[in-house]
Amino acid sequence: MHDYLPKELKIWNYVEIILKEVLTSYCYLEIRLPILEKTKIFKRAIGNITDVVEKEMYSFNDRKGNSLTLRPEGTVGCVRAVIQHHLLHQKNNKFWYLGPMFRYERPQNGRYRQFYQLGAEVFGFDTEDIDLEIIILTHRLWKRIGIDSYVTLEINSIGSKIDRFEYKKKLVYFLKKHEHLLDEDCKRRLYTNPLRILDSKNQDIQKILKEAPLLSEYIDISSSSHFKNLCNMLNSHKIKYKYNPNLVRGLDYYNNTVFEWKSNQLGTQDTICAGGRYDHLVEEMGGKKTSAIGFAIGIERLVLLTKSIKNFSEKLEEINIYIIFIGNNNKYYAVNLSEEIRDLYPKLKVFINFFNQNLKKKIKNAINSSARIIILIGDNEIKKGFFLVKDLKKEKEYYLLKYELMIKIQKIFK
Ligand code: ATP
Ligand code: MG
């Protein structure tokens, strides 16, 4: 788990502002959800034999003995909330949320135990139009952030639960013949979650899989025509994608369309955004039958990628006006002046040096800060009713009356 320090958060803010602007331009509404949910809703929705539920959840009993879990993902809580608050009655329900998720994983670059996700969920559309819109939306995000040349889209259809059930039997039958060649992880998954073997990062396993039966051959007509239509629409909108027949998701609730945006700049943790349809989850969680699709962006990975591509200055541009008072008696005037500046110019960043330092040191600090001007307040200035202003950029000094100072500030910072 990480501390997120101010320098780092500069890039976070850059990214987050764009994410929110773009989502709003597609009429998504923000929703804020609790970090804790009842453990059983994750177990049911994500699936008992998934990595997340088996070994990654932070769960504990509260004082009444109810098991609660720090959310490992956002979809389940969002579905719980939209059912609870009857938000599914309209035809257009699009939501987004941003916040920390928790998974007990092996920490490494791009993989943490507390990480942030921007999640988006859309309810009530069953045609591939919304799959297309979501992909176009995410593509627009990368363009706006300036990383679109460094990410690629992979898509697949994983069909329905019944399709996967049939396919799983065939896949297990095939893999058992090669069981001696499987690594420990895949051997375990063979008996728990065999589909996850398809996205193993082990090259030897991928070689074996070249001969394996294909999920696409077990997908029913309606699922495959949904997928075909989506591919055609992506083509006509000139969205480049790679069809990856081995793309599966780690959570059980997905069906039909799944997709991932990956980058080759990130090493092993290369997926910055993953999503797909989950047309049965609302019903399974007690709501009325409602189609749904969503995606989640891993903000740490998005920031890592953005940082590796774009130049961000190390400087924290956090001060515009630096106020120095000389002698404790003049502290009152410093505070007063700073408040008047903030009344007139609410966007300016005004800093008063309250440190117990001599004048020389205070001026040195002001020069080393990002401030454009220093305002000096000493006995002399107060007596005569003006302020000494140093413009650090133009290397000029002025004595100004208060109203002149306010006009000067407006001119400088426009
Ligand atoms: P991975 O295969 O990388 O473990 P996942 O399938 O578990 O990903 P999802 O549950 O689909 O991931 O989460 C969506 C996105 O959230 C991921 O693509 C990734 O960007 C981010 N993410 C997931 N787990 C972590 C983590 N432990 N640390 C940082 N980011 C994460
Ligand atoms: Mg994972």
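For sorting residues by class, Ala, Val, Leu, Ile, Met, Phe, Trp, Tyr, Cys and Pro count as nonpolar, Asp, Glu, Lys and Arg as charged, and the others, Gly among them, as polar. On that scheme, the shell around ligand 1 holds five nonpolar, four polar and five charged residues. The model is predicted, so local features need pLDDT of at least 70 and side-chain atom pairs pLDDT 80 or more, while totals for chains, interfaces and linings use all residues. Residues are numbered from 1 along each chain as its sequence is written, chains are lettered from A and ligands numbered from 1 in the order in which they are written, and side-chain values use heavy atoms, with hydrogens and water left out.

Now to the ligand itself. Around ligand 1 sit 14 residues (a heavy atom within 4 Å), and Arg-103, Glu-105, Arg-111, Arg-249 and Thr-271 come nearest. Polar contacts here are pairs of N or O atoms within 3.5 Å. An N or O atom in the Arg-249 side chain is 2.4 Å from an oxygen atom of ligand 1, and a polar side-chain atom of Arg-111 lies 2.8 Å from a ligand oxygen. Taken alone, ligand 1 exposes 580 Å², and the protein buries 90% of that (Shrake-Rupley method, 1.4 Å probe). Strands E6 (114–123), E10 (271–277) and E11 (292–298) each give two or more residues to the shell; E10 has the largest share, three residues. Strands are DSSP runs of E with at least two residues, and helices are runs of H or I with at least four.

Of its 26 lining residues, Lys-161, Arg-164, Asp-252, Tyr-253 and Tyr-254 are closest to the centre. Helix H6 supplies the largest share of this lining, five residues. By class, the lining splits into eleven nonpolar, seven polar and eight charged residues.

Overall, the protein chain contains 15 helices and 16 strands. Its C-alpha atoms fill a box of roughly 90 × 55 × 50 Å along the principal axes.

Key:
Polar contact = N/O pair within 3.5 Å; in protein donor to acceptor, adjacent residues only side chain to side chain. 1 Å grid on protein atoms, 1.4 Å probe; cavity = no way out; pocket = protein on both sides within 12 Å on 5 of 7 lines; lining within 4 Å.
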